Amino acid sequence: MEKIEYHLLPPVKKGVAVLANLTRYSLVACAGFSLAELALILLRFTLAGIVSGIISSTLLACCIALLAVLAAWCQPVLMAKQGIWLSRWLLRLGALFAPLVPICWGYSLVCGLPLLYRQAELPLILGVFMLSAAVFNIFHMAAAPRALKIRVIVLPLLLLLAYCCDMPGLLVFGSVFKLLATWAAATPLRQLASIAPRIISMPETS
């Protein structure tokens with residue numbers, strides 16, 4: 001019986017393209033609201049600045065979750081020999097927990113209380129999974145241009161730094177890292193949205 005490659009089903013590939021575009025635009029919005037937060041606070045529109053900051057923080061956490069889902073699809077489909085098994089397992093685990101991020105953030109925004117114990121650590125865990133997968137698989141990206149490989153490795157690191165600096169005392173650093181993460185993600189996500197629907201086969205595992 002022929003094995004069904006669920007990664008290559010047309011709805012899945014179309015969904016990946018949609019998620020890639022959604023993540024790209026959400027990162028732009030995240031950086032924009034972060035800059036608006038700084039500007040509004042400097043202009044003494046404190047409440048508006050706080051609201052902008054909350055929106056930016058929420059978008060950042062959701063973008064990390066979206067990227068975790070995309071990474072779980074990208075490694076077996078785009079990397080030579082489907083990458084290292086350990087990172088495939090980590091990314092699949094990350095994709096499983098990723099939906100909890102918007103659920104928890106939405107619940108907290110509405111109810112003012114956390115849904116899960118230490119839920120703020122979820123994006124950090126997902127970011128570490130993605131960074132580990134990128135580093136572990138650096139030799140499985142030989143076919144990718146050097147600039148793309150650098151962006152793939154640097155992006156999760158920038159997201160982790162942006163998330164860690166997303167607090168009142170480090171707003172400037174947080175905004176800088178959000179801008180850099182948006183820049184690093186722009187080209188890979190645009191390319192992924194373009195090529196995902198056209199992929200017809202997966203690499204053979206070793």
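**Ground rules.** I took a pocket to be an open set of points on a 1 Å grid over the protein atoms alone, where a 1.4 Å probe fits, with protein on both sides within 12 Å along at least five of seven lines; lining residues have an atom within 4 Å of a point. Points are joined across faces, edges and corners, and a volume is the space filled by probe spheres set on them. This is a predicted model, where local features need pLDDT of at least 70 and side-chain atom pairs pLDDT 80 or more, while totals for chains, interfaces and linings use all residues. Residues are numbered from 1 along each chain as its sequence is written, and side-chain values use heavy atoms, without hydrogens and water.

**Largest pocket.** I looked up its volume and found about 750 Å³. Of its 30 lining residues, C74, L78, M79, M141 and V152 are the closest to the centre. I name helices as DSSP runs (H or I, at least four residues), numbered from the N terminus. Here α6 (146–164) gives the most to the lining, with seven residues. I sorted the lining into 25 nonpolar, three polar and two charged residues. In this sorting Ala, Val, Leu, Ile, Met, Phe, Trp, Tyr, Cys and Pro are nonpolar, Asp, Glu, Lys and Arg charged, and the others, Gly among them, polar.

**Second largest pocket.** This one has a volume of about 420 Å³. I found 19 residues lining it, with G53, I54, S57, W105 and D166 nearest its centre. The largest share of this lining, six residues, is from α2.

**Core.** I counted as a nonpolar core a set of buried Ala, Val, Leu, Ile, Met, Phe, Trp, Tyr and Cys residues joined through side-chain atoms within 4.5 Å. Buried means under 20% relative accessible area and exposed over 50%, with partly exposed in between (1.4 Å probe, protein chains only). The largest such core has 43 residues, and W73, L159 and L192 have the most contacts inside it. Helix α2 gives the most to this core, 13 residues. Contact means heavy atoms within 4.5 Å. Beyond its neighbours within four places in sequence, W73 touches several residues, including H7, V16, L78 and L192.

**Positive phi.** Which loop holds R44? I found R44 between α1 and α2, with phi near 70° though R44 is not a glycine. R44 is exposed, at 74% relative accessible area. Q82, also no glycine, has phi of about 65°. Q82 sits in the loop between α2 and α3 (85–97) and is buried, at 12%.

Conventions: Helix = DSSP H or I, 4+ residues; strand = E, 2+ residues; numbered from the N terminus.
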